Amino acid sequence: SLGELVDKFLEHEGERVKGGFITEGRLTTIQSQCRALLRTKPRSTKIAELDENSFYEWRQMRLKDNPSITTVTIRNETATIGQIFDFAFRNGYSHFPKMYFRPIKISRADVGKRDTFTVAEYEEMVKFLRTYTSKKHCPDDEERTERQKVRDYILTLSNTLMRTGELRQLTWGDVLGFEDRTDETGKKVCVVKLSIRKETSKVRRPRTIWVRGGDYIKRLKTYSDFTEPTDLLFTNRTGTHPLGTRELYKHWNTVMNGIGIEDHSERKLSYYSLRHFGITMRMKSGVPIADVASVAGTSVSHIETHYRHIDDEVMIDSALRNFTPVKEGVDREG
């Protein structure tokens with residue numbers, strides 16, 4: 001049946017995670033795509049009843065299930081479905097070698113810019129988190145510790161520019177050191193050196209970065225029960241697994257509603273949006289886009305296409321900049 005095929009495929013992909021061929025984050029995405037497939041066709045559907053054109057109108061099929069789904073997501077799902085049936089043919093579960101789909105064109109508008117927070121919204125969130133994690137508003141020690149982890153997870157994501165999967169798999173052994181510095185405004189900043197391992201990176205490339213957010217990681221260590229080099233920074237209550245998705249989003253919904261962003265689902269605001277916010281703030285601070293890309297572990301073109309949010313203030317500032325020739329070269333005014 002289709003359900004049995006999906007189970008076998010996910011088991012196969014799980015082995016690829018163990019072998020270091022794909023990340024845990026990629027497996028989570030595949031699992032979500034498989035759930036979408038089984039919402040469209042029942043688990044009991046026999047593979048023998050399908051042919052290479054059974055999902056040709058996948059876009060229409062998915063829009064019936066979820067009218068707000070993006071074209072990019074739909075196209076990504078077709079790639080995974082194609083892999084499932086390639087796996088099925090190679091293992092003798094199906095009689096056709098390839099699944100066909102109506103071509104899906106992705107325009108620049110379809111890709112769009114990922115939604116993120118305004119500065120005012122982010123500041124309101126930081127303010128809310130102080131109250132949310134206080135003993136007065138959360139007297140239960142175990143619940144308060146979980147809230148504190150979520151708070152520091154949020155602040156670490158926005159300051160380090162890491163992907164959620166990278167941070168959830170970060171261990172204390174990956175924290176290489178701290179330095180107290182002073183930024184250009186005279187404010188004291190604790191920067192931290194982190195090792196992002198190849199096996200936890202979405203792009204399968206290791207990188208070592210110096211980033212803001214050291215204070216939050218130091219603070220986490222003061223109340224965490226699991227701080228050995230092999231322990232994860234952000235663990236569940238027993239220290240055996242990463243902080244759970246269910247727990248993370250329980251608090252996320254509370255925080256979003258608490259700061260008045262009740263349409264956060266429609267705006268697609270998630271923990272991943274914190275990475276986008278951090279990238280945007282680094283660029284608005286004048287950090288060269290190539291340097292931001294290096295820290296974030298992505299390409300300059302990818303940032304320009306997916307992440308960059310330039311508001312009116314930044315565009316006006318860009319319009320007012322000019323250069324005056326001098327003997328030695330050029331000198332910027334304004």
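1. W58 is buried, with a relative accessible area of 1%. The model discussed here is a predicted one. F55 also counts as buried, because its relative accessibility is 0% and the cut-off for buried is under 20%.

2. F55 and W58 make an aromatic pair of the edge-to-face kind, with 5.9 Å between the ring centres and 70 degrees between the planes. A search of the whole structure gives twelve aromatic pairs.

3. F85 and F96 are paired as well, and this pair is stacked: the centres are 5.7 Å apart and the planes are at 25 degrees. The two residues are eleven apart and the pair links distant parts of the chain. F85 belongs to helix 4 (residues 71–90), whereas F96 is in the loop between helix 4 and helix 5 (108–111). F85 is buried, at a relative accessible area of 0%, and F96 counts as buried at 2% relative accessibility.

4. One aromatic cluster is formed by F117, Y153, F234, Y249, W252 and Y271.

5. Helix 6 covers residues 119–132, which is 14 residues. From its first C-alpha to its last it reaches 20 Å, close to the 20 Å expected at 1.5 Å a residue.

6. Which residues of helix 6 are buried? They are E121, Y122, M125, L129 and Y132. Viewed down the axis of helix 6, the buried residues fall within an arc of 95 degrees, so they line one face of the helix.

7. As for the buried residues of helix 6, what covers them includes helix 7 (141–160), helix 10 (245–258) and helix 11 (272–284).

8. Y132, listed above among the buried residues of helix 6, has R147 lying over the face of its ring, at 4.0 Å from the ring centre. A second case of a charge over a ring involves K218 and F178: the charged end of K218 sits over the ring of F178, 5.2 Å from its centre.

Conventions: Residues numbered from 1 in each chain as written. Predicted model: local features only at pLDDT ≥ 70, side-chain atom pairs only at ≥ 80, totals over all residues. Heavy atoms only, no water. Helix = DSSP H or I, 4+ residues; strand = E, 2+ residues; numbered from the N terminus. Expected span 1.5 Å × (residues − 1). Buried < 20%, exposed > 50% of the residue type's maximum accessible area, 1.4 Å probe, protein only. Arc of directions from axis to C-beta. Contact = heavy atoms within 4.5 Å. Phe/Tyr/Trp six-rings, centres within 6.5 Å; stacked < 30°, edge-to-face > 60°. Lys NZ or Arg CZ within 6 Å of the ring centre and 35° of its normal.
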